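Try each task yourself before you read the solution.

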Amino acid sequence: MTGIYVHIPFCKRRCIYCGFYSTVLLDEKSRYVEAVCRELTEYSSLTGDEVSTIYIGGGTPSLLTLDEVRRIREQISRCYRVDEGAEFTMEGNPDDLTAEYLDGLRAIGVNRLSMGVQSFDDARLSFLHRRHTSSQALAAVRNAQTAGFDNISIDLMFGFPGQTLDEWRQDVDTALSLGVQHLSAYSLMYEEGTSLTAMLERGEIEEVADELSLQMYEYLIDAAAAKGYDHYELSNWALPGRQSRHNSSYWQGVPYIGVGAAAHSYDGKDRWSNPENLLSYIKGMESGTLVRDYEHLDPQQRYDEYVMTGLRTNRGVSLCQLRSVFGQKLFDYCMTNAQPHIDAGRMEIVGEQTHQPFLRLTRAGLFVSNDIMSDLMDVEN
Ligand code: SF4
């Protein structure tokens with residue numbers, strides 16, 4: 001076990017596109033933190049490995065007070081051996097990230113910040129029902145830099161209804177001018193059950209055309225590369241040495257523990273998740289009767305995940321590991337289905353001269369990544 005994820009499901013209000021579990025029951029926050037600390041204790045006997053990454057995500061973790069963040073961090077140290085150079089990420093909403101709060105996070109040991117900026121356009125932020133403004137996002141980045149953070153990530157979204165390529169270019173250019181070390185960018189998704197999807201179904205908004213969405217993605221790829229960012233995962237860019245170590249572990253199939261409502265854990269074979277309900281989680285932890293959902297992954301499911309997550313990264317899928325872990329049959333299946341994409345220039349094999357071959361997407365493959373993944377994953381028993 002190398003990573004611990006702590007889920008903080010609180011938000012002051014719901015964004016219209018959000019399909020994640022979160023709650024506005026902020027009065028339960030301190031009880032929730034105690035429940036999380038109790039769950040951390042439960043896992044302490046399950047691992048002898050050092051923890052090399054800690055990630056507090058949400059929801060909106062920056063709604064925690066500094067004392068609450070400290071309480072969680074100290075509990076992690078009480079329960080696990082934490083590597084001295086561990087990456088400790090916390091997500092935050094820009095309007096919570098005051099100079100005083102950021103100084104406090106640094107003092108607790110947070111060394112990586114992930115900010116949910118989404119856009120630098122106030123009209124879009126308001127459309128999304130985000131609670132911060134563009135100027136608050138800019139101030140939050142400046143405050144974080146002044147507080148000494150040298151590993152800052154910002155999240156952006158593209159493909160808003162009515163958004164033009166020029167408007168997206170401005171967002172990208174602004175983000176790249178800030179001196180942050182990491183960017184994540186996702187196209188706006190229409191998740192089932194969200195207000196955004198209801199607006200689409202009522203015909204109040206229109207989805208952006210696929211071609212425009214691809215042009216937006218392509219602009220970001222080129223602009224980020226020109227500024228020295230490595231496009232190390234389909235939706236993630238980092239300056240050298242600033243890739244998210246925590247998320248990279250997920251993509252490499254490394255086991256992790258997730259605590260909190262709706263959090264998932266994975267031990268390399270089985271995955272389990274906590275209830276997506278704040279009060280069920282808290283009461284379950286308080287009474288020692290928490291019911292988790294367990295899922296045993298068979299070799300075929302593990303193969304599918306291995307290929308899908310590997311292809312999301314620019315490192316690709318290790319062909320040696322593919323053969324040794326999943327056997328010759330699945331290896332052959334993968335290569336047979338990859339061959340037409342290799343022939344068409346959408347995939348390539350790199351590293352053969354070092355006897356460490358990796359199968360990965362080429363730039364042309366990035367734009368049809370979902371189709372390629374499904375070709376390689378669609379295994380028939
Ligand atoms: S702040 Fe994040 S988790 Fe909360 S509603 Fe908005 S998108 Fe969802």
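**Exercise 1: Around the ligand**

Cys11, Arg13, Arg14, Cys15, Tyr17, Cys18, Gly59, Thr60 and Arg130 are the residues around the ligand, where being near means that a heavy atom of the residue lies within 4 Å of the molecule. Before going on, note that this is a predicted model, in which local features need pLDDT of at least 70 and side-chain atom pairs count only at pLDDT 80 or more, while totals for chains, interfaces and linings use all residues. Residues are numbered from 1 along each chain as its sequence is written, and side-chain values use heavy atoms, with hydrogens and water left out.

Task: Sort the shell around the ligand into nonpolar, polar and charged residues.

Solution: 
- Step 1. Take the classes: Ala, Val, Leu, Ile, Met, Phe, Trp, Tyr, Cys and Pro are nonpolar, Asp, Glu, Lys and Arg are charged, and the others, Gly among them, are polar.
- Step 2. Count up, and you get four nonpolar, two polar and three charged residues.

**Exercise 2: Rings that pair**

Task: Find out how many aromatic pairs the whole structure has, then look at one of them.

Solution: 
- Step 1. Rings of Phe, Tyr and Trp (its six-membered ring) pair if their centres lie within 6.5 Å; planes under 30 degrees apart are stacked, over 60 edge-to-face, and the rest tilted.
- Step 2. Searching the whole structure turns up 15 aromatic pairs.
- Step 3. Helices (H or I, at least four residues) and strands (E, at least two) are DSSP runs, numbered from the N terminus.
- Step 4. Tyr43 is buried at 4% relative accessibility, and Trp272 is buried at 10%. Buried means under 20% relative accessible area, exposed over 50%, and partly exposed in between (1.4 Å probe, protein chains only).

**Exercise 3: Name the geometry**

Task: Which kind of pair do the rings of Tyr303 and Phe326 make?

Solution: 
- Step 1. Their centres are 6.0 Å apart and their planes are at 80°, so the pair is edge-to-face.
- Step 2. Tyr303 sits in helix α11 (residues 299-312) and Phe326 in helix α12 (residues 319-343), so the pair links parts 23 residues apart in sequence.
- Step 3. Tyr303 is buried at 0% relative accessibility, and Phe326 is buried at 15%.
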